[in-house]
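The notes follow in the order of looking.

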Amino acid sequence: MSIEINNESAIPVDEAALLRLADFALGAMHVSQEADLNIVLVDEAAMEQLHVQWMDEPGPTDVLSFPMDELRPGTEDTPTPAGLLGDIVLCPQVAEGQAETAGHSTLQELLLLTTHGILHLLGFDHAEPEEEREMFGIQRDILLGFSVQERSTR
């Protein structure tokens, strides 16, 4: 699996943790080992520009997902085919403010946003209440599983 992380923001980020989380999440969703994912971290100005361009909404946002090959989650017996999963764009500055409000670290917020972005790349959405319950339930399960794995490897 190819996961590339490019930090174009001025904020230092634990890229190794983001990489481990992305690998864990893709494994949990049975995505092919031949799939490619890009994660880009940008500053507020760049994120605002993307937010306006692609969502027609003002101001920076926390995460944007740009699916490529429209891959969907696989199963243990039938993983997704190889392909380009797409790009996740994160804004650490926005994540920092959200983390403060939520009472956890910026890294925890970025891990949550990365998981959220991956699920969007895999076709999940949260526009309707039922979709939101499903997506946020899977997101929670991935983050809990990742947290357990991280603790067991220390």
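I began with β2 and β4, which run parallel and are joined by 7 bridges. Strands here are DSSP runs of E with at least two residues, helices are runs of H or I with at least four, and both are numbered from the N terminus. I count two strands as paired if DSSP finds at least two bridges between them. Within this pair, Leu 37 has Gly 86 of β4 as its bridge partner.

The model is predicted, so I note the limits: local features need pLDDT of at least 70, side-chain atom pairs count only at pLDDT 80 or more, and totals for chains, interfaces and linings use all residues. Residues are numbered from 1 along each chain as its sequence is written, and side-chain values use heavy atoms, with hydrogens and water left out.

Next I looked up the other partner, β1. It pairs with β2 (residues 35-41) in the parallel sense over 6 bridges.

I then wrote down the whole sheet: 4 strands, open, in the order β1-β2-β4-β3, with mixed pairing. β1 (2-7) and β3 (63-67) are the edge strands, each pairing on one side only. Neighbouring strands are turned by 15 degrees against each other on average, direction ignored. For angles, axes are lines fitted to C-alpha atoms, for helices over the stretch in contact, and the values run from 0 to 180 degrees between N-to-C directions.

Helix α1 (residues 15-28) packs on the sheet and touches β1, β2 and β4 (83-90); its direction makes about 145 degrees with that of β1. Contact means heavy atoms within 4.5 Å. Helix α2 (residues 44-55) also packs on the sheet, touching β3 and β4, at about 50 degrees to the direction of β3.

How enclosed is β2 by the rest of the structure? I found 5 of its 7 residues buried, so it is largely enclosed. Buried means under 20% relative accessible area, exposed over 50%, and partly exposed in between (1.4 Å probe, protein chains only).

I turned to the largest nonpolar core, which has 33 residues; Leu 18, Leu 37 and Ile 118 are among those with the most contacts inside it. Such a core is a set of buried Ala, Val, Leu, Ile, Met, Phe, Trp, Tyr and Cys residues joined through side-chain atoms within 4.5 Å. The elements giving it two or more residues are β1, α1, β2, β4, α4 (106-121) and α5 (129-152). The largest share, 6 residues, comes from α4.

Leaving aside neighbours within four places in sequence, the contacts of Leu 18 include Ile 5, Leu 41 and Leu 110.

Last, I checked α5. Its buried residues include Met 135, Ile 142 and Phe 146, and their cover includes α1 and α4.
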